[in-house]
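Me: Walk me through this model, please. I want each label set against its cut-off.

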Amino acid sequence: MAVAGDSPSQSLRDRPADRSGRAGWATQTLRLSMRRTLLTGLAAWQVVMLGAIVVSSLSTSLASGLALAHAVLAALALGARDNRIPAWVVVVASYLVGVLDWRATGDLDATLTFAACWLVNLTALVCAFAMSRNLAIVLVALSALLVPLAILVTNPDWGHGFPSAVLVTQLAILTATQLGSWALSSFTATADEAVSSSRDAFREAVTRRTRRREVAEDARVLHDSAINTLGAIANGGAGTSDVAAVRARCARDVVVVRELLLANSERTTTATSFEEMFDSSLVQLSRSGLDARQLARLSNAATPDQIRAVVGATRELLLNTFKHAGVQRAELGTAFTGGELIVRVSDRGRGFDGAIRSGRGLARSVFARMELVGASATVTSEEGAGTTGIIRLPLALSPSQDPGSEHPSVDVVAGGESLVRRAAFFWATGVTVVGVVLESVNRVGLASAAYPMLAANVVAIVVAWFAFRVGPRLRTALVLSLVPLGVAAFTLSAAAVSFGAVDAVLWQALAPSAALVLVLAVPVADPRRTAWLSLLIYALASFVLAGLVTPMLGGAALTVLVAGLVGVGFTLAWMHFRAAIGQIGWKVNADQEAVFRARMQESRIEAADEARRYWLQAGLDGSIRVLDALAKGEADPDSLQTRSTCALEESFLRQVSLLSSEAVHLGPWLVRALSECRRRNSVLRLSADDVDIVDPEAADRLGQLLVSSAAAIPAAGELTITVFEQHGRATCTVVGDSPWISEAGQQWAALQPVGMAANFTNNTYGSQDVLQLSLGARRLSTAAVDQWDSPTTEMSLT
């Protein structure tokens, strides 16, 4: 009886390949493609069965009944392919119909008997790949026992040879598919793991980037509002002479700072349209260019981050005009040309030398904003000739995609070709190895032509292997040489059973398909034409062998024709499988893309919420109370006490805005130390690299030292904390008035483990205590927030 060779296994249905527990792209694509292909092939084979029934010598009533059974089986197979009925129903029905075919014909050498053999073989493959692994093993194992038993009962005159061949073939299919499962599922799982890992890494990076952006933008907002306001009040001067304007500005800042503590969806001051760049009371604006309707259309094509960045940067340019130009009027023009939104802010003020200091002022409040959203900015100026700032934001006039949506995606074409190539070599190897087993078991001691046929398969495998390692021209020649190898294999397989005249049920008609499948696997210039040409040559050779050669040799022409259709049909099925890999691969990838994008959005929301918690930890409530008191007239902006309080709050907020939000272990402790110093009206001078402590427990111990030091200094005292990284270790130094800092250090050290205490020093130099601790650290990839320039100078609050 013929054998069904090796193939990717049903375990592909069961093995999750990503961290979410779902099968990954490669696993799902291969599994669904094989299921669809095999069920379609089973339905198509019923046409061959109907032809075998027509040419049989069965009575009309019996032939009609069998024809109806096969028509129903075809419908069931198509229904299972479309997931309308369970696959096990088709498998059970197919085995039953195959047994009925054998019972009806009663002739071991009949064409219908031979065709039914391949129906049963194909059913075993469907069972293996269309159902879960455990159920497939059970059903194929049961069929290996029950089908031979049914043959013995219904056709006792056939003897034990044919039932034994059925048993051996079914067990061979079971073994082959399980081996194929292990090999191919390992390959797909590795591919899926690579995709999953890259996506997880990208998601983590986007989460970090989102958090950096959120905190950085909030830091800019804080700088543009509360920090500037508090600094101006602390410095006094003409900028605070208009008390009503001071109170109005403080009231606006209270709203802005409070909203830093809210989720984005709850904010009311976040810019949502480019039109809001014109909402400025600082200077009189002369507007030109796009109208509100046109800007609304561009706003629909931009992301929220892009809108917020452009509006914020434009307001900063207008603030720069107000602060430094010496004029009260500016021109704000907008245009959309060359796929770019262009915003132009210009004044005719005093100007400056045009030099932009790196890391300060406009470099942070304008240029950094633009860089984060894929835009650009230029500022040109000359002394006495005014200043012009230009913002350029690329936009597509369609619903925009998030600039962070580019991510490691699946190359469906390359991935599909890799799956097909791997499956083809597994198939060719499988049918060859299992063919040797079947031939040696079914024909013990007989040196038939099947062995040269299997040798031809080995040659085809070697040729295909070399074809992947040579240039295009030689590769094409090697691929074309596979076709005659396939024809030779088919001819030898026919000779092994005397061209269907002797032991036709043992014909390994599928083994010659190895060469044709390999033809489809090797990449050539025109794969479609090559595939159809190879199939046509093989089909013509089969028909010539059946129609001309077989009758001369006394063989069974119809049996040879059916055997040829086995190879042709399987090759067509493989072509269908290859196309399905691409079609289903795109669909599976699209489905997983949707899931991935949803998870990305969740990550962004979580990152934004984490940014909110960052500002909550920073203790903005103290600054809000100060601003609120000024807004309500409860505090006098000209009093020394108010100015001192504002200076303290301004220093606190400025240092908080300098901290890296990526320092998840050390950052919260630095904020707590700042808050403690503010509570005690003391000064903390903090200088920290973009560094974080590796070990959370070690970071907590260091944090306790910092907070206890901040709590130890007397009111209105001064404390200096520096943290810098070198060669993977962070050195933290605390300097403060003696003896309070030294005593705090001693109390802290007494509670620490030996390893921590060994890296700690406590020294006194004159009136200053110096504590130093060294810990393992990592340098952060980028600064999480912008580092603003030196404390604010005098400014107006109008």
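Reply: Start with pLDDT, the predictor's confidence in each residue, on a scale from 0 to 100. Contact is the other term needed here, and it means heavy atoms within 4.5 Å. The model is predicted, so local features need pLDDT of at least 70 and side-chain atom pairs pLDDT 80 or more, while totals for chains, interfaces and linings use all residues. Residues are numbered from 1 along each chain as its sequence is written, and side-chain values use heavy atoms, with hydrogens and water left out.

Me: Where does pLDDT stay under 50?

Reply: Over residues 1-21, where the model has 111 contacts beyond four places in sequence. Residues 782-798 also stay under 50, with 73 such contacts. For the protein chain, the mean pLDDT is 80. 80% of its residues reach 70 or more.

Me: What makes up the secondary structure of the protein chain?

Reply: 22 helices and 11 strands. Helices (H or I, at least four residues) and strands (E, at least two) are DSSP runs, numbered from the N terminus. Of contacts in the chain between residues at least 6 apart in sequence, 79% join residues at least 24 apart.

Me: Why are α2 and α3 called roughly antiparallel?

Reply: Take the angle. The axes of α2 (residues 60-81) and α3 (residues 87-105) cross at roughly 160 degrees and come within 10 Å. Axes are lines fitted to C-alpha atoms, for helices over the stretch in contact, and angles run from 0 to 180 degrees between N-to-C directions. Under 35 degrees counts as roughly parallel, over 145 as roughly antiparallel, 65 to 115 as roughly perpendicular, and the rest as oblique. The angle of roughly 160 degrees therefore makes α2 and α3 roughly antiparallel.

Me: Which residues make the contact between α2 and α3?

Reply: From α2 come L62, L66, A69, H70, L73, L76, A77 and A80. From α3 come A87, V90, A93, S94, V97, L100, D101 and A104. By class, the contact has 13 nonpolar, 2 polar and 1 charged residues. Ala, Val, Leu, Ile, Met, Phe, Trp, Tyr, Cys and Pro count as nonpolar, Asp, Glu, Lys and Arg as charged, and the others, Gly among them, as polar.

Me: What makes α12 roughly parallel to α14?

Reply: Again the angle. The axes of α12 (residues 450-467) and α14 (residues 513-521) cross at roughly 10 degrees and come within 9 Å. That value makes α12 roughly parallel to α14. N457, A460, I461 and A464 of α12 meet A514, A515 and L518 of α14. This contact has 6 nonpolar, 1 polar and no charged residues.

Me: How do you know that α14 is largely enclosed by the rest of the structure?

Reply: Buried means under 20% relative accessible area, exposed over 50%, and partly exposed in between (1.4 Å probe, protein chains only). In α14, 9 of the 9 residues are buried, so the helix is largely enclosed. Among them are S513, L516, V517 and L520. Across the 798 residues of the protein chain, 53% count as buried.

Me: Why does T559 count as buried?

Reply: T559 has 1% relative accessibility, so the residue counts as buried. T559 sits in α16 (residues 557-618). Leaving aside neighbours within four places in sequence, T559 is in contact with D109, T111, F114, G500, A504 and W507.

Me: And why does L775 count as buried?

Reply: L775 has 7% relative accessibility, so this residue counts as buried. L775 belongs to strand β11 (residues 768-779). Beyond four places in sequence, L775 touches I693, A698, L702, G728, R729, A730 and M756. The C-alpha atoms of L775 and T731 are separated by 6.6 Å, with the two residues 44 apart along the chain.

Me: F499 and H727: buried or exposed?

Reply: F499 is buried, at 11% relative accessible area. H727 is exposed, at 74%. F499 lies in the loop between α13 (472-496) and α14. H727 lies in the loop between β8 (718-726) and β9.

Me: What is phi of F499 and of H727?

Reply: For F499, phi is near 55 degrees, a positive value in a residue other than glycine. For H727, phi is also near 55 degrees. Most residues other than glycine have a negative phi, and most peptide bonds are trans.

Me: Which residues does a cis peptide bond join?

Reply: S738 and P739, with omega about 10 degrees. P739 is in the loop between β9 (729-737) and α21 (740-750).
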